[in-house]
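Colleague: Could you walk me through reading aromatic contacts and burial in a model like this one? I would like the general idea and then the case at hand.

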Amino acid sequence: MAGNNSCSVVSYLEEVKKLRNQRITTTISLSSKRYPSGQTTCLDQDGFPVCKPFKTLQAVLSWKPGLDRLCVATVPLRERDRVGAAPRTIICHDMMGGYLKDSYVQGHADPQDYYLYHWHYVDSFVYFSHNFVTIPPPTWTNAAHRNGCLSLGTIITEWQDGARLCSQLFESDDLVVKLAQRLVDMAEYYNFDGWLVNIENPIKPQQMEAVYTFLSLLHSGMHHKRPSSKVIWYDSILSTGELKWQNALNDHNRSFFELCDGIFLNYNWTELGLEASKVLAGDRYYDVYVGIDVFGRGCPGGGGYNSHVALDMIRKADLSAALFAPGWVYETQDKADFFQNQDHFWSLLAPFCKVSKIHGLPLVSSFGRGYGGGVTVDGKVVFSGVWNNLSAQDQVPNFDSDKMVKSDGQSAMKIDAVAVETSCAYYGGSSLKLQGSFKSNGIWRPALARLFHTNFSIIQEKPVLISYTYKAGLEGRIRHFLQFCTNGKPKVILLDPQRTAEGGSFCCGVQLSQLLPEMQGCGAAHSVMAALPEAQCSMLNELFKGGQWKLSNNAEWITRYFVVSLPQLLVERVDIACYPPETNSPDQSCSFELVVGEIKILNCTPKLTSYGLGFGSKDIFIMAVIRILVRY
C-alpha cells in the first residue's frame with residue numbers, strides 16, 4: 001500500500017508551499033521520489049523512505065547525521081499558552097509494535113489509519129516501541145509541533161536481551177558518555193524534544209552509579225540543546241537495581257525522579273499511593289505522571305471508555321497523567337466509526353484536561369487532519385486519490401465538535417452539526433462544514449461555531465491581517481462572520497465577508513441587541529468590519545497569479561481580506577457567527593450549509609518593514625497585505 005504513487009502527496013504539498021513562498025510557477029511530479037539503492041538511508045523493499053528504530057547499542061553508537069534527511073521533522077515547536085500551574089497530560093503511543101503505516105515519511109494511500117487531533121489536551125507525545133531506541137516518525141513530530149505539543153522518543157531495555165545490553169553499557173564509563181551524547185544529537189538532528197527512559201530489566205547493584213551518570217548526562221545535554229525538552233523516567237527498577245514496579249513515587253525510585261523532568265508511574269496504583277506520591281514530590285508534584293493503561297490490565301477503571309475514571313482519580317490527587325496506548329480506540333473498535341469513537345473517547349477525558357490556548361500568531365488552518373480524498377491548492381484540484389500523512393495536519397480547532405456549537409435556545413439561527421469535510425477542500429484535503437437552519441419567528445441572534453481558544457494581541461502599531469475563505473452560494477440566504485471575542489472594548493469584533501469597504505471603513509447593521517447575552521457584557525461596544533475592497537484585491541491578480549484566476553474569487557470559493565488595527569486588545573476566542581438574513585419574512589425559514597475552506601490570521605508589521613512599505617499609500621499598503629497573506 002505504501003508503494004502507491006499517492007504516498008508522496010504531503011511532499012508535494014510542502015514543495016508547493018515553498019514555491020508559493022518564492023512565487024515561482026512550475027510542474028511537480030506526484031510520484032514518490034525513489035532513491036538509489038546505494039544511498040545510505042532507510043528504505044522499504046520498493047525504495048520508499050521510511051523511519052526505523054535502532055535495535056542495538058552498536059547501531060546507535062555508529063549513527064551519523066545527514067544520511068536520512070527525510071526522517072527529520074521540519075515543523076518548529078509552536079509556543080503554547082497555559083495560564084498558571086496545572087496538571088499535565090502525556091500520550092504514550094504504543095500501537096501494535098509501532099512503525100506501521102506512519103513510518104512512511106511521505107505518507108501512504110490507505111484511507112484507514114489512527115489519527116490524533118485532540119492535541120489541545122496533550123502536553124507531550126511519546127512514540128513508543130519495544131526497540132532499543134525509538135525515533136518518532138517525522139509525521140508525528142510535525143503534527144505535534146504544529147499544535148504546540150512536545151514529541152519524545154523512547155529508550156527501552158527489557159528481558160534478558162535488555163539485561164545483557166545494560167551490563168555491557170554500564171560497565172564502561174566511555175560507553176555511557178557516548179550513548180548519552182548520541183541520544184542528545186539524535187533528538188537535535190531529528191527535531192524532537194526528549195526521551196522516555198524505560199529500563200525493565202535488573203541492573204547490577206555495582207552499575208547503578210553508571211545509570212545515574214547516564215541520566216544526568218542525558219538530562220543536562222537535552223536541556224542545553226533544547227531548553228523545553230523533557231526526559232521522563234518510567235517506574236521500573238529500584239535504586240538497588242532490582243526490577244520491581246512501585247506504582248508510586250517513593251524512596252525506592254525517588255533518586256531517578258530527582259535526575260529527570262518527571263516520572264511515569266506504573267498502572268496498578270492506589271489512591272493512597274497517589275497521596276503519598278504528591279507529598280514526596282514536594283513542589284514538583286505536577287512532574288509525577290500517573291499511568292493509565294487504556295487496555296486496562298490492572299488499571300483503576302479498567303481502561304477503554306472507562307479510562308476517564310482513572311483520570312478523574314488522578315486529577316483529584318492533583319497529579320499529572322500519562323495515557324498509555326490510546327490507539328485502543330483504533331485497534332479494538334469498528335474502524336469504520338473511528339472518528340466518532342475517537343471523539344467519544346476524548347469527550348469523556350475532556351472534563352479532566354486543561355485546554356491549551358493558541359498563543360500568538362500566525363494562526364493558519366484549512367482544518368486538515370492529515371488525510372483526504374484528493375489535494376487542492378487555492379481551490380483547484382491538483383491530485384485525485386486517497387492520501388494520508390500527519391505532516392499535513394493543520395492547526396486543528398481546540399474546541400471539540402460536541403462543544404463547538406453555542407446558542408441561547410431562543411435564537412433564530414441553529415447550527416446542527418460542525419464537521420471536517422473531505423469531499424471538498426480549498427487547500428489540502430479538508431474543509432469545515434457547518435449545517436444548520438433558521439426560523440423567521442426566532443430572536444434575531446446568531447448561532448456560534450466556536451473554533452479556537454486563543455491568546456494573541458491586536459495593537460494599534462501592529463495591524464492584524466486576516467483572510468477568510470468560504471464556499472460560494474450562500475449570498476442572501478444567511479449572514480456569516482468571522483468573530484473575535486476580546487478581553488476589552490470592543491468585546492466582539494465581527495468581520496463581514498459578504499460586504500466590502502469601498503473607499504473606507506464600513507459597518508453593517510448588526511446591533512448590540514442581536515448579540516448573544518454573553519457577548520454583550522456590561523454595555524461593552526462591538527465592532528463590525530467589512531472586507532477590503534475587491535478592486536484593491538483584484539489589482540494583484542496579474543502581479544501574483546499571472547491572470548489565471550482572481551485572488552479574491554474563483555468559481556467555487558470566495559476569499560475576503562481584513563486589516564484590524566485597534567487599541568490594545570487580547571483576542572481570547574475565534575468563532576464563526578451565523579445570523580439570519582437582514583430582511584425578516586415569514587417564508588424565510590430554511591436550512592443552510594456553510595463550508596469554510598481556510599482561515600489565516602497574521603501579524604504584518606515585521607513583514608511590511610522588510611518590504612520597506614508603510615501606510616503612506618493605501619493601495620500599496622493593501623498590496624503588501626495581500627502579498628504577506630499569499631506567502632503563508
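Colleague: Is Phe214 buried or exposed?

Modeller: Buried means under 20% relative accessible area, exposed over 50%, and partly exposed in between, with a 1.4 Å probe and protein chains only. Phe214 has 2% relative accessibility, so Phe214 counts as buried. Phe170 is buried as well, at 5%. Bear in mind that this is a predicted model: local features need pLDDT of at least 70, side-chain atom pairs count only at pLDDT 80 or more, and totals for chains, interfaces and linings use all residues. Residues are numbered from 1 along each chain as its sequence is written, and side-chain values use heavy atoms, leaving out hydrogens and water.

Colleague: How do I describe a ring pair, and which kind do Phe170 and Phe214 form?

Modeller: A pair of aromatic rings is described by the distance of the centres and the angle of the planes. Rings of Phe, Tyr and Trp (its six-membered ring) pair if their centres lie within 6.5 Å; planes under 30 degrees apart are stacked, over 60 edge-to-face, and the rest tilted. Phe170 and Phe214 have centres 6.3 Å apart and planes at 70°, so their pair is edge-to-face. This pair links distant parts of the chain, 44 residues apart: Phe170 is in the loop between α4 (159-169) and α5 (173-190), and Phe214 is in helix α6 (residues 208-225). Helices (H or I, at least four residues) and strands (E, at least two) are DSSP runs, numbered from the N terminus.

Colleague: How many aromatic pairs does the structure hold?

Modeller: There are 33. One of them is Tyr121 with Trp346, a stacked pair at 6.1 Å centre to centre, with 15° between the planes. Here 225 residues separate the partners: Tyr121 lies in the loop between β2 (89-93) and β3 (124-127), Trp346 in helix α11 (residues 338-349). Tyr121 is buried at 3% relative accessibility, and Trp346 is buried at 0%. One aromatic cluster includes Tyr114, Trp119, Tyr330 and Phe338.

Colleague: Which charges sit over rings, for instance over Tyr285?

Modeller: The test is NZ of Lys or CZ of Arg within 6 Å of the ring centre and within 35 degrees of the ring normal. The charged end of Lys278 sits over Tyr285, 4.6 Å from the ring centre. Lys335 lies over the face of Tyr330, at 4.8 Å from the ring centre.

Colleague: What is the mean pLDDT of the protein chain?

Modeller: pLDDT is the predictor's confidence in each residue, from 0 to 100. The chain's mean is 83, with 79% of its residues at 70 or more.
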